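Student: Could you walk me through reading helix packing in a model like the one below?

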Amino acid sequence: MSGVEEAPAAVQNRILRKVAVRLMPFLCLLYFVNYLDRVNIGFAGPNGMNDELGLTATLFGFASGIFFIGYLVLEVPSNLALHRFGARKWLARIMITWGVVATVMAFVPNATTLVVLRFLLGVAEAGFFPGIILYLTYWFPAAQRAKAVALFMTAVPVSSAIGATVSSVLITSGEGIFGLSGWRFMFLVEGVPAILLAFVTWFYLTDRPSEAKWLTAEERTWLTDQLTAEREQTEAKHSWPLRKALTHPRILALAFVYFGIAYGLYALGFFLPTIIKGFEQQYGTELSTMETGLITAVPYVIGAVAMVLWSTHGDRKRERVWHVALPLLLGGVSIPIALYLGNPFLAMVAVTACAVGVCSALPTFWALPSNFLAGAAAAGGIALINSLGNISGFAAPYITGALKDATGSQRTGLWVVGIVMIAAAVTVIALKAAPRTESSDQN
């Protein structure tokens, strides 16, 4: 890059590998805990919570999705605060507050309190995910960013896979411990790690490469200069200030694309355990809570592998648009037909194809806004895309649950999932990789 002394490829790879080894396992652990606390209500619902609190499918969907309303309100200011105060302090603050709320959910007495706590959980978690995405732009050059995001986001399918089994074990084995129902015991146990990890975050994370004592002076200098030059080039080419990043139609369109990706993710996350439970009635199978958890894990394990391989391919080809659109099309086509197939094995193949599509689209999508956003504009723009896109976290479970109550079947809701994902694929193709610049007619 112009203005930066190029290090040999082997040296660059060594530095970035050192950064990845230092940061990625810990960030994945944080997101594992974060995502599990967000979606574990999906395991609680069909395993006692709905009956104990008197929740219909619609009310369960509302309680699951209200999380994202609080999330929406505070996402942008939270990410701007992280950009100003540093990831180490701000992420630790987020984790303590979400851990407290997640733990208190073990003692929820009724549906109203459940809805209130889910809303507060969203308020507490606001800024965590876009904060990490922003944080990765401080450490990884653009050419390696999709793979870095993919490594971080493997925590989504892994938490869904391992989390399904762990949650099932806690629900089954925790019945009666401390006088709690199994699902309450699960909330209690899964909320505590966030509080403990907040203190580790405070001491372990480093805000910027220039402050990384675990890099040599030469390594710090090269990485800092590389990222600074890249940021300056992006700002000079596109010149997107914060205000533009918060108001431009392109950001709203990217938010819709993310809405489509997340719609599929959360429809699966909240309702897959319920869908698999439904196999008992539809196909005459009998599954224990543990078996349901293990079957739920399968699509996400395969999705995790596909996520890393697909994003690595996108980085190597330096192509983003079709690496988002094609997985979305795969997921959008496969999920509606899942419940029309003649046996549970074929249905799970279709569900797994949807999970592969969702997981593969996620990391490469987040390389798109950093093509033209930097600095405070990146902090605000990424947060806005995430917050608006995550409205799907409210819409997907609520609409899917309401359609289940209205029709008596999951099919209509899953058709909506497919249509939204296909519409998102069409949108990202129309947007192309970056906006036009004054000096070029190329997108």
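**Reading the helix packing**

Tutor: Of the 443 residues of the protein, 58% count as buried, meaning under 20% relative accessible area with a 1.4 Å probe and protein chains only. This is a predicted model, where local features need pLDDT of at least 70, side-chain atom pairs count only at pLDDT 80 or more, and totals for chains, interfaces and linings use all residues. Residues are numbered from 1 along each chain as its sequence is written, and side-chain values use heavy atoms, with hydrogens and water left out.

Student: How many helices and strands are there in the protein?

Tutor: Helices are DSSP runs of H or I with at least four residues, strands runs of E with at least two, numbered from the N terminus. Here there are 20 helices and 0 strands.

Student: At what angle do the axes of helix 5 and helix 7 cross?

Tutor: Axes are lines fitted to C-alpha atoms, for helices over the stretch in contact, with angles from 0 to 180 degrees between N-to-C directions. Helix 5 (residues 67-85) and helix 7 (residues 111-125) cross at roughly 30 degrees, their axes coming within 6 Å. That makes helix 5 roughly parallel to helix 7, the term for angles under 35 degrees.

Student: Which residues in helix 5 and helix 7 meet?

Tutor: Contact means heavy atoms within 4.5 Å. F67, I69, G70, Y71 and L74 in helix 5 meet R118, F119, L121, G122, V123 and E125 in helix 7.

Student: Which residues are buried in helix 6?

Tutor: Among them are L91, I94, M95 and W98. The cover over the buried residues of helix 6 includes helix 1 (9-39), helix 5, helix 7, helix 8 (128-137) and helix 11 (182-204).

Methods. Parallel < 35°, antiparallel > 145°, perpendicular 65-115°, else oblique. Buried < 20%, exposed > 50% of the residue type's maximum accessible area, 1.4 Å probe, protein only.
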